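I am opening a notebook on this structure. The entries below record what I looked up, in the order I looked.

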Amino acid sequence: QGSLGLTRAAQDAPGAPPQQRAVLPMLRVVGQLNATYVICEGPDGMYLLDQHAAHERVVYDRLVAAPRVPGGNVQPLLEPLVLELEAGLAATLDEHRESLVRLGLETEPFGDNAALIRSAPAGLGARDLIEEVRALLQKLENEQRVDDPFGKAAATVACHASVRAGMLLSMEEMRRLVEDLERTTAPRTCPHGRPTLVHLGTEAIERQFGRR
């Protein structure tokens, strides 16, 4: 690590043994592309890291490894917010209420097709919590790629609590993201199965410049 920002795959990271989990090569953060991709130099070429997909994996692993406990990674609200919902989204909230409470989104019924929001997972609702929760429920209603209810809820919350495409990151934030990703159980894919990074090998780059 140090001033060059070098990072290593955490061979002793908690979770599956190294031989049973994909690991990342040593990466040096170089910069950011289109406020969406982290540019890294590796031992065998260049890597582009999708900052949203990578942070999704980091947040998801934290959520499933340590479901909410009292006083945990949760933002209690000073005043509860009233969430008005269409019938379909109200049914989705009822279906996943227990899993969402474990993740920090505590709600309770409030009349027909409405709920009171009493707490939210840390990182959710940085802009408008009501709209964030509505969008979360809409995504949860349409989510087909994660089978178990808790995993589905965790993947959806992770998506909404992660850094977005178009967000400028400092060099330190990018280095920390790579380091955190290295410690996850599946650093090469997000919880929905999308790749977190793509690789352009040195030979391919040299061919583009007529060096091979």
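Predicted model: local features only at pLDDT ≥ 70, side-chain atom pairs only at ≥ 80, totals over all residues.

Entry 1, a helix on a sheet. I began with α2, which lies across β6 and β7 and runs at about 145° to β6. For the angle I used axes, which are lines fitted to C-alpha atoms, for helices over the stretch in contact, with angles from 0 to 180 degrees between N-to-C directions. Contact here means heavy atoms within 4.5 Å. The helices (H or I, at least four residues) and strands (E, at least two) are DSSP runs, numbered from the N terminus. I then looked at helix α3 (residues 129-142), which lies across β5 and β7 and runs at about 75° to β5.

Residues are numbered from 1 along each chain as its sequence is written, and side-chain values use heavy atoms, with hydrogens and water left out.

I found six helices and eight strands in the protein chain. Along the sequence they follow the pattern β-β-β-β-α-β-α-β-β-α-α-α-β-α. Of the 212 residues in the protein chain, 45% are buried; buried means under 20% relative accessible area, exposed over 50%, and partly exposed in between (1.4 Å probe, protein chains only). I also looked up the contacts with a separation of 6 or more, and residues 24 or more positions apart account for 67% of them.

I read the strand order as β5-β7-β6, an open sheet of three strands with antiparallel pairing. β5 (74-84) and β6 (106-109) stand at the edges with a single partner strand each, so one side of each has no neighbour in the sheet. The twist averages 15° from one strand to the next. Two strands count as paired if DSSP finds at least two bridges between them. Four bridges join β6 to strand β7 (residues 114-121), and I noted Leu-116 in β7 as the bridge partner of Glu-108.

Entry 5, α2 against α4. I checked the axes of helix α2 (residues 87-102) and α4, which come within 9 Å and cross at roughly 60°. On the α2 side the contact is made by His-96, Ser-99, Leu-100 and Arg-102, and on the α4 side by Pro-149, Phe-150, Lys-152, Ala-153 and Val-157.

What joins β2 to β3? I counted five bridges, and the two strands run antiparallel. They form a hairpin with three residues between them, and Asn-34 in the turn has a positive phi of about 55°. Gln-32 has Val-38 in β3 as its bridge partner.

The hairpin from β3 to β4 passes through two residues. Ile-39 stands opposite Leu-48 in β4, and Tyr-37 stands opposite Asp-50 in β4. I then sorted the faces of β3: Val-38, Cys-40 and Gly-42 make the covered face, and Tyr-37, Ile-39 and Glu-41 the uncovered one.

From β4 I followed five bridges to strand β8 (residues 197-201), which runs antiparallel to β4. Leu-48 has Val-198 in β8 as its bridge partner.

The expected span is 1.5 Å times one less than the number of residues. At the start of α1, a side-chain oxygen of Asp-50 reaches to within 3.0 Å of the backbone nitrogen of His-52.

Why do I call α1 largely enclosed by the rest of the structure? Because 12 of its 15 residues are buried. Among them are His-52, Val-58, Tyr-60 and Leu-63. The buried residues of α1 pack against β2 (27-33), β3 (37-42), β4 (45-50), α4 (149-160) and α5 (171-182).

I noted 12 residues and a reach of 17 Å from the first C-alpha of α5 to its last, close to the 16 Å expected. The buried residues of α5 include Met-174, Leu-177, Val-178 and Leu-181.

Definitions and conventions: Polar contact = N/O pair within 3.5 Å; in protein donor to acceptor, adjacent residues only side chain to side chain.
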